[in-house]
Protein chains: 2
Amino acid sequence: MQRFIGEISHETGMRLNQTTAEKDGAILLVRADHGSESVGKVGEDESYELTVGTSNARLTAPNPLGILHGLQTFLQLIETGTDGFSAPVMTIKDKPRFAWRGLLVDPGRHFIPLDILERNIDGMAAVKMNVLHLHLSDNEGFRVESKRFPRLHEMGSDGLYYTQAEMRELVVYARDRGIRIMPEFDIPAHSRSWFVGYPELASTPGTYRIEPGGVDTVMDPTEERTYKFLDKFIAEMAKLFPDAYFHIGGDEVNGKSWDENAKIQAFMHSREIKNNQDLQAYFNQHLEKILSKHHKIMVGWDEVLRPDLPKNIVVQSWRGQQSLATAAQQGYTGILSFGYYLDLMWPAARHYAVDPMSGAASTLSPEEKNRILGGEACMWGEWISPENLDSRVWPRTAAIAERLWSPQETEDANSMYTRLDGLSWRLEWLGLTHRSHEISMLHRMAGEDDVTALHTLADVVEPVKDYTRIEGVKGDWDFRAPMNRLVDAANPESTTARHFQQLVDQYIQSKFQDRGAEAQIRTFLASWRGNDAKLRPILERSFLLREVTPLSEELSGLGASGLTALDYLEKSEAAPQQWRTQQLAQLDLANAPKADLLLTVVAPVRRLVEATATSTQ
Amino acid sequence: MQRFIGEISHETGMRLNQTTAEKDGAILLVRADHGSESVGKVGEDESYELTVGTSNARLTAPNPLGILHGLQTFLQLIETGTDGFSAPVMTIKDKPRFAWRGLLVDPGRHFIPLDILERNIDGMAAVKMNVLHLHLSDNEGFRVESKRFPRLHEMGSDGLYYTQAEMRELVVYARDRGIRIMPEFDIPAHSRSWFVGYPELASTPGTYRIEPGGVDTVMDPTEERTYKFLDKFIAEMAKLFPDAYFHIGGDEVNGKSWDENAKIQAFMHSREIKNNQDLQAYFNQHLEKILSKHHKIMVGWDEVLRPDLPKNIVVQSWRGQQSLATAAQQGYTGILSFGYYLDLMWPAARHYAVDPMSGAASTLSPEEKNRILGGEACMWGEWISPENLDSRVWPRTAAIAERLWSPQETEDANSMYTRLDGLSWRLEWLGLTHRSHEISMLHRMAGEDDVTALHTLADVVEPVKDYTRIEGVKGDWDFRAPMNRLVDAANPESTTARHFQQLVDQYIQSKFQDRGAEAQIRTFLASWRGNDAKLRPILERSFLLREVTPLSEELSGLGASGLTALDYLEKSEAAPQQWRTQQLAQLDLANAPKADLLLTVVAPVRRLVEATATSTQ
């Protein structure tokens, strides 16, 4: 209640009082039937009912989780108007469609300070998510203090890790906001950071360092000492993280180090273990027993799914919707992450179109469907820094959160974007920096005060999609690479490009008669046409920005092409074929990625140029 | 070192390694002769020597305080260039002029969350300040948990206070950055929040609530129970705050409640205490003994300065430089805050011009001058919220920090502003929000996405100066008043106005021949002239913004006047007397404050209009 009052005061400037007695005047009555569980459980009743009347409002829920959600809804209802702030009269009965609505953050690859995790938890609470999945170890770093095995964090990181006190603080912080924290320690692959301090765990003898490359190193599943170590380690972490679920990773096991180790090969032969998949299943069976002993339910990525594992494990599907459906058919519960990978830099609408119940899942029986618990947005950390994390997570995660909360039939992307645009500012008021981070990064790159022209360019570029950036790295991907280029500052989805695209659509649909849309298109195009001349001196002075020079030139070219096209369209004249051919050739060049960035307004300008093919007179 | 490496990576994107051995390649060697004191002391050696050579750099200091300062200097030296980042070759021997370089923050009136205090400590460290003075209680709130007297924070606040664990965390956080924390509990006046839970401490019997108004309530200095209470309370707080200094306030004692209390009058009569000043001195003598017993040195505002107090107390001067000089003459040490009140919304240059050794202090003997320990910027909290605190403190505090560190002779304001403009962005990178807060506040007021026009207006207004805003409040000042108006978002000092003023100066000095300056002036004026038409629909839709409508009209009027004046000046023609008279009358109207805001570009536009009086042909 105190946080809610704080937020509403923050938004409106009004000071509200909390009282336990009914009073005169406009009140919001809040009542929960029961208290909270001390540790959040999957499937708790999160429903609430909110009634806003003309003189007061009422929020009721079976337990405090519903109250938290209802208060967030109330905050979203507040509108600024001519007479002050108001909430519309209405009654909402609301509950989530899925019990598991998560966000994965990956401090393993790049450490994220605690306060940044906390503000992201605030963002999750605002969009009613309920699981923060922390990918706490990977090849590049081990990020939690282990008192039992201190060389894990001491040697397996660059000194950046969470203390146990900090993790306990975070668990409480999240719990206060209705959010569970599920830890992940990814084994047997993705585990080089373990081997720096404890090389005896590795399948390949040697000494290890935290360094780029080297994804071949995998734990040795044939040694009893591996399981003794994991038993003690999990005993410690099981106490630190009170949640019932414990994620062991299990993805992308590269069998190379098993193939090359004669002792491991002999072990497999003697036990009649046929292949590396079966060896990993052997590992997972041991692991599951250890987790059970410490009262934890095992969660793993797709690859853990093999016969003979107990049915109470949870499969997190990253490779496709089919594997989630298969798991459900075999009796396993599962959560969907395929389609929700934020690091692929997709637009919100593309994530929004993926539903855990669509695709392969749509033909499941009701009982099988019940095994699909929900989904998780995944913010993998290859290109993340504390400075740009928020901008990669938000606001796109809100679209996934809505997908997991609202009915499957709610699927109109335009309507989703309307809500997203409004929500994006509220998230910034909560302390997230997904909008404000860009300006200070641009200033740093430019090394000077006026970044208007650079901002104009940054506004219409997006990082390349899917795995293009990492595939473009020469040699091993270096997790120590600087994250101070324009690609690191640019938002994954350009709002300006979306608006420009809409204007062009509207203009073309009006058969080039909508003068309002035309004027706005002209304003955009003119600002782009003149931008390169303004930006060039800055680009020439900064080695960080020099790589974006071709993009700046091309944006100005796009502006010029578009304006000429508009002139033809306004006069209802066809443009000469030669001019058009030339423009389209330039647009093709502009369409290719440069400096790991894409110009996002090529397609709508192309539509304008193509429209000049026929006279409409 | 880890923080330094983090910051330098943040700025440059380079990953640096810390090592204890000498290595090949470019290195920064850091060496301190001694370790740190466990608790910071006034007058520790803060000097350092930094040498940047062509292939490596070296930082040495007697102790870690100097190292901290030297690392900050190194960070400031880094420049973005065409070939990467560099630091210029140079040798710096540096030390502060004053031992006490402080910032007062006032969570008493409006609570400031811990993380915001912490980021302000980061800012202080960046500008080499070394004292955070926390004004922890006032009429409006008691902000620290007291285990001995829990009704202090429980009933004396709205639930917003620092726990003892949080205060301990803050003390460590500050100490790690070379900053002492001095607590202030303001008594016997400014203490109504104490009386809510402990009314027996008040001079006027009754029940008390945290409510606006009512500055008359003062502690009862005639009762033994008052001192017993203070003894136990100070015993508790002396442990919580390890610093040797303890501030007891002592300012603005309104004697009304003493005058009206017959028992107090009888007490004064029986002890031959002649007036209220002497009664406060009696109180302070008792207080000083209690502080001494708990090994603390008493600090108080001007008003505590009375004969008979021991010479080891420190006087913080807010009423003028004379009282600081008087204290020094009488043998007391002192710190200057007069001239450094950030809440008066002065420009940085005005604070910068005030030196602790100038004015009355300039005639002191060397021995007396030695008693002036330094100064403190004071951020009183009447109009502060967590959202706008940073923007009131920064970057102006950096000018005061420089005043207290650098030689008295360093006093060129233009040169200071050049450094300030660069530093301002670095402070934002540290997590301060003095630049970024404005945009999200404007969005909230506007209730829509495009705030360009509102931003144009916000850029050229400043909050009214001195105590004008609080004097304009009808009735009692209500500390619960919303802080969501344009005056709460607008920066205390408009950078745009300063630049515009410089351009006009330059243009006039060139006898209207500088075409570059003229073009820039025209761009500003044209954007203002057209702004009201763009902004008006937003102002009409938002009740929060309606009050700024006259300012928006006037800004457009200024744009139009200025452009016409420029046309005359360009043609070297005198403008008609009647036109000029009309414009000057309008400028007078535009000069008056509205909505607690001032239009800052009236004066330069007036200069342009006045310049049209004579033909230069």
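Which strands of chain A does helix α2 (residues 64-77) lie across, and at about what angle to β2(A) does this helix run? In this predicted model, helix α2 of chain A lies across β1, β2, β3 (57-61) and β6 of chain A, and its direction is at about 35° to β2(A).

## The sheet of chain A

The strands under discussion belong to an open sheet of four strands in chain A, ordered β1-β3-β2-β6, with mixed pairing. Its edge strands are β1 (28-32) and β6 (90-94) of chain A, each of which pairs on one side only. From one strand to the next, the twist averages 5°.

Strand β2 (residues 48-52) of chain A runs antiparallel to β6(A), and five bridges join the two. One of the residues involved is A:Glu49, whose bridge partner in β6(A) is A:Lys93.

## The sheet of chain B

Chain B has an open sheet of four strands in the order β1-β3-β2-β6, and the pairing is mixed. Strands β1 (28-32) and β6 of chain B each have a single partner strand, so they stand at the edges, and one side of each is left without a neighbour in the sheet. Direction ignored, neighbouring strands of this sheet are turned by 5° against each other on average.

Strand β2 (residues 48-52) of chain B pairs with two strands. Towards strand β6 (residues 90-94) of chain B there are five bridges, and the two strands run antiparallel. Towards strand β3 (residues 57-61) of chain B there are four bridges, again with an antiparallel run, and a hairpin of four residues joins β2(B) to β3(B). B:Thr51 takes part on both sides: B:Thr91 stands opposite this residue in β6(B), while B:Arg58 is its bridge partner in β3(B). B:Glu49 has B:Lys93 as its bridge partner in β6(B).

Helix α2 (residues 64-77) of chain B lies across β1, β2, β3 and β6 of chain B. The angle between this helix and β2(B) is about 35°.

## A helix pair in chain A

Further along chain A, helix α21 (residues 495-509) packs with helix α26 (residues 602-611) at an angle of about 20°, and their axes are 9 Å apart. Because angles under 35 degrees count as roughly parallel, α21(A) is roughly parallel to α26(A). The crossing of the two helices is left-handed.

On the α21(A) side, the contact is made by A:Phe500, A:Gln501, A:Val504 and A:Ile508; these meet A:Pro604, A:Arg607, A:Leu608 and A:Ala611 in α26(A). By class, the residues of this contact are six nonpolar, one polar and one charged.

## The contact between the chains

Where do chains A and B touch? In total, 34 residues of chain A are in contact with 33 residues of chain B. On the chain A side, the elements that give two or more residues are α1 (2-12), β4 (79-81), α16 (413-429) and α17 (437-446). The residues of this side divide into eight nonpolar, 15 polar and eleven charged.

## Symmetry of the two copies

Chain A is superposed on chain B by a rotation of 180° with 0.0 Å of shift along its axis, at an RMSD of 0.0 Å. The two copies are therefore related as by a two-fold rotation axis. In chain A, A:Ser436 has the C-alpha nearest the axis, 3.1 Å from it. The same surface serves both copies, with 97% of the contact residues of chain A recurring in chain B.

Technical notes
Residues numbered from 1 in each chain as written. Chains lettered and ligands numbered in written order. Predicted model: local features only at pLDDT ≥ 70, side-chain atom pairs only at ≥ 80, totals over all residues. Axes fitted to C-alpha atoms, helices over the stretch in contact; angles between N-to-C directions. Parallel < 35°, antiparallel > 145°, perpendicular 65-115°, else oblique. Left-handed = near helix turned anticlockwise from the far one by under 90°. Contact = placed C-beta atoms within 7 Å. Nonpolar A, V, L, I, M, F, W, Y, C, P; charged D, E, K, R; others polar. Least-squares fit on C-alpha atoms with pLDDT ≥ 70 in both. Pairing = 2+ DSSP bridges.
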